[in-house]
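This report walks through one protein model, from its overall make-up to selected side chains. Please keep the sequence and the 3D view open while reading.

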Amino acid sequence: MNVAQMDFDSLFFPEESTVTPAKRMRRPEEARREFLKVFSTTAHAHHRRDVFRDFVNLAARELDLCRVRSPENIREAKAICDRYRPEDMQAVSTLFNLMVEAMGGPLDDFLGGVFMELELGSDAMAQYFTPFHVSQLLAGLSYAREPAGNIVMLHEPSCGAGGMILAYAEQLETRGLNYQEMLFAHCIDIDALAADMCFVQLSLRGIAAEVVTGNTLTLEAWQVRHTPVYHLGEWAKRLDQLKRLDRIKALLQVA
């Protein structure tokens, strides 16, 4: 199935879904403008941040291959959907398709950008996402040398929407390296919305990642998810092999 044609009904309510014909793919900048327009007219009875949170949460559930068909996931998703009118849920499905189209262009922090443009930041949590051009600058400064092997591992202890991971992936791409083949990211954030945003963006960009909703300082983990490419690329096996190789190297150094 083309990910741009996926919708929430087909996953959570298969008996009620209908097949719709493929539509013309918009240009990323056109899809972004339409996303903001549709969001502004969706579910006026709800606070804007709550609508955005529920949209991202549903998108994350749809992309979590290990749980998407589980009874618990379907029950919790339906509880979210039941808070909205049918026409609002149709708009949410449209927003998902627009997000996919908007992320079809060059790497960027789409969700973090629209979050800030919609002024959804939290003063209480000091939650403001880094502009992507700043993430690009920091990624460029931290890219000290070419990768020595065929795996690049990044650890992001306060990942937000995943902007820094995306910016580093761009650094690999500009050097002719395939980030979808060689990059693995371990991401954690204490805020469930931020972790959901990161999971959605890394999933749609084809980046292998483990995204944790938890506390970096106390090492608590309340939810752990892996992006689709993590499963499809057999990253669990690749990382296990890397750990074994590191242990062998450590033993040889001791000897």
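## Overall make-up

Helices and strands here are DSSP runs, numbered from the N terminus; a helix is a run of H or I with at least four residues, and a strand is a run of E with at least two. On that basis the protein has 12 helices and four strands. The model is predicted.

The protein has 255 residues, and 47% of them count as buried. Take the contacts between residues at least 6 apart in sequence: 74% of these join residues at least 24 apart.

## Aromatic pairs

How many aromatic pairs does the count come to? With ring centres required to lie within 6.5 Å, the count is eight. One of them is Phe39 with Phe52, an edge-to-face pair. Their centres are 6.0 Å apart, with 80 degrees between the planes. Phe39 has a relative accessibility of 1%, so Phe39 counts as buried. Phe52 is at 0% and therefore also counts as buried.

A stacked pair is formed by Phe184 and Trp235. The centre-to-centre distance is 6.0 Å, and the planes are 25 degrees apart. Here too, distant parts of the chain are linked: Phe184 sits in strand 2 (residues 183–189), Trp235 in helix 12 (residues 235–254), and they are 51 residues apart. Phe184 is buried because its relative accessible area is 5%, under the 20% cut-off. Trp235 has 1% relative accessibility and so counts as buried.

Ring pairs also build a cluster. Its members are Phe39, Phe52, Phe115 and Phe129.

## Charges over rings

Two arginines sit over aromatic rings. The charged end of Arg225 is over the ring of Phe199, at 4.8 Å from the ring centre. Arg238 lies over the face of Trp235, at 4.0 Å from the centre of that ring. Trp235 is thus the ring under Arg238 and the stacking partner of Phe184.

## Helix 3 against helix 10

Helix 3 packs on helix 10 (residues 192–204) at an angle of about 45 degrees, and the axes are 9 Å apart. Is the crossing left-handed or right-handed? It is left-handed.

From helix 3, the contact is made by Arg49, Phe52, Arg53, Val56, Asn57, Ala59, Ala60 and Leu63. From helix 10, Leu193, Asp196, Met197, Phe199, Val200, Ser203 and Leu204 take part. Two of these names have come up before. Phe52 is the edge-to-face partner of Phe39, and Phe199 carries the ring under Arg225.

Gln201 lies in helix 10. Its relative accessibility is 0%, so Gln201 counts as buried. Which residues is Gln201 in contact with, leaving aside neighbours within four places in sequence? They are Met103, Asp108, Asp109, Phe110, Leu111, Gly112, Ala161 and Leu166.

Cys187 lies in strand 2, the strand that holds Phe184. Cys187 is buried because its relative accessible area is 0%. Again leaving aside neighbours within four places, its contacts are Glu156, Cys159, Ile165, Cys198, Leu202, Glu210, Val211 and Val212. Cys187 and Ile165 are 22 residues apart in sequence; from C-alpha to C-alpha they are 8.8 Å apart.

Most residues other than glycine have a negative phi. Ala43 is not a glycine, yet its phi is positive, at about 55 degrees. Leu219 is not a glycine either, and its phi is about 65 degrees.

Where do they lie, and are they buried or exposed? Ala43 is in the loop between helix 2 and helix 3. With 1% relative accessibility, Ala43 counts as buried. Leu219 is in the loop between strand 3 (208–215) and strand 4 (220–226). Leu219 is exposed because its relative accessible area is 73%, over the 50% cut-off.

Note on methods:
Residues are numbered from 1 along each chain as its sequence is written. This is a predicted model: local features need pLDDT of at least 70, side-chain atom pairs count only at pLDDT 80 or more; totals for chains, interfaces and linings use all residues. Side-chain values use heavy atoms; hydrogens and water are left out. Rings of Phe, Tyr and Trp (its six-membered ring) pair if their centres lie within 6.5 Å; planes under 30 degrees apart count as stacked, over 60 as edge-to-face and the rest as tilted. Buried means under 20% relative accessible area, exposed over 50%, partly exposed in between (1.4 Å probe, protein chains only). A charge sits over a ring if NZ of Lys or CZ of Arg is within 6 Å of the ring centre and within 35 degrees of the ring normal. Axes are lines fitted to C-alpha atoms, for helices over the stretch in contact, and angles run from 0 to 180 degrees between N-to-C directions. A crossing is left-handed if the near helix is turned anticlockwise from the far one by less than a right angle, and right-handed if clockwise. Contact means heavy atoms within 4.5 Å.
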